[in-house]
Amino acid sequence: MSILVNHISKRYGAQKALDDISLEVKPGEIVGLLGPNGAGKSTLMKILACFIPPTSGDASVCNFNVLEQSVNVRKKVGYLPENNPLYTDLYVREFLDFIAGTHGLKGNRTKRVIEMIELTGLGQEQHKKIGALSKGYRQRVGLAQALIHDPEVLILDEPTSGLDPNQLLEIRGLITEIGKTKTIMMSTHIMQEVEAICNRAIIIHKGKMVADDSTRNLRHPGTAIIVNVEFSTETTANLLKNIPGIAEAMPVYSISGVPGPTSGIPNPVSRLWRLSSKPGTDIRADVFKFAVDNQLTVLSLQQEEQKLEEVFQELTKN
């Protein structure tokens, strides 16, 4: 197991930053750690990176305990803090060489620095002072220093914070590439980033874990299938209810799925419908068969997915 957390709690005086958190991260997973400001994400990451101790509970990284074997943990972990502290008066290559030295790299030190410069796209910036770099390139330097000792686990705290759209895409692509050979835990407030990079999301709220599942399962909290369908001509709700497995048929204003008025209308008529299935039933094939049997053409059919952002808001609204 790359990361194992057992009933971790952390108190700052009367404030409980983490409250009985337990989780496992397997090798090769890219896990998104989500939560509002002050939820406890950074606290958990600092505990795993051996920057602060837990108040109770324990954790291990690559089978090394964060309290009893912290030196071994540090050898296995690459950590990028949220504020990305860098020596801005050093040149990029000089800084990475210094970091390689602190990790005790010797024979392959220069080669490793060159490899990290190439991997993170710092070739044209390597002879510049870090203080002269843009935010995006500073994040690249931060990732390079986290990777310099070839760790098995990467812990990234808000790695794309403050980046413009182009920089964000570049860093996102870099993290995805790195994730092919590393276990990654990253915190972010950008839901699209989690959907694009992570195969699993953990949501923390007020120090407690409120969700831990694959990003797909979180977007499909129930087992019902909902589709928005547009037919070539109008049909009725009563007729649609003959589709096997259908639970509800609701007319909509547009194919985007905005419900239409149904109050007081016993058998509404429309070309556009929002169809809900019974639990465990996929009605899409039956919708096409219904159209053929009733001499209708399906102009469009879209399965409706709950956005991860909506799930996040629901779980953290109180």
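Helix axes are taken here as lines fitted to C-alpha atoms over the stretch in contact, with angles running from 0 to 180 degrees between N-to-C directions. The structure is a predicted model.

**Helix packing**

In these terms, H5 packs against helix H6 (residues 165-178) at an angle of about 15°, and their axes are 9 Å apart. Angles under 35 degrees count as roughly parallel, so H5 is roughly parallel to H6. The crossing of H5 past H6 is right-handed.

**Largest pocket**

The largest pocket has a volume of about 530 Å³. Its lining consists of 19 residues, and Phe51, Val77, Tyr79, His103 and Gln145 lie nearest the centre. Two or more lining residues come from each element in the table below.

| Element | Residues |
|---|---|
| helix H2 | 70-76 |
| strand S6 | 77-80 |
| helix H3 | 92-102 |
| helix H5 | 135-147 |

By residue class, the lining of the largest pocket holds 12 nonpolar, five polar and two charged residues.

**Four-stranded sheet**

An open sheet of four strands is ordered S12-S13-S11-S14, and its pairing is antiparallel. Strand S12 (246-251) and strand S14 (298-303) form the edges, each pairing on one side only. On average, neighbouring strands of this sheet are turned by 25° against each other, direction ignored. Within the sheet, strand S11 (residues 226-236) and strand S13 (residues 269-277) run antiparallel and are joined by seven bridges. Valine 229 stands opposite tryptophan 273 in S13.

Terms used: Residues are numbered from 1 along each chain as its sequence is written. This is a predicted model: local features need pLDDT of at least 70, side-chain atom pairs count only at pLDDT 80 or more; totals for chains, interfaces and linings use all residues. Side-chain values use heavy atoms; hydrogens and water are left out. On a 1 Å grid over the protein atoms alone, a cavity is a set of points where a 1.4 Å probe fits but cannot get out, and a pocket is an open set with protein on both sides within 12 Å along at least five of seven lines; lining residues have an atom within 4 Å of a point. Grid points are joined across faces, edges and corners, and a volume is the space filled by probe spheres set on the points. Ala, Val, Leu, Ile, Met, Phe, Trp, Tyr, Cys and Pro count as nonpolar, Asp, Glu, Lys and Arg as charged, and the others, Gly among them, as polar. Two strands pair if DSSP finds at least two bridges between them. Angles under 35 degrees count as roughly parallel, over 145 as roughly antiparallel, 65 to 115 as roughly perpendicular and the rest as oblique. A crossing is left-handed if the near helix is turned anticlockwise from the far one by less than a right angle, and right-handed if clockwise.
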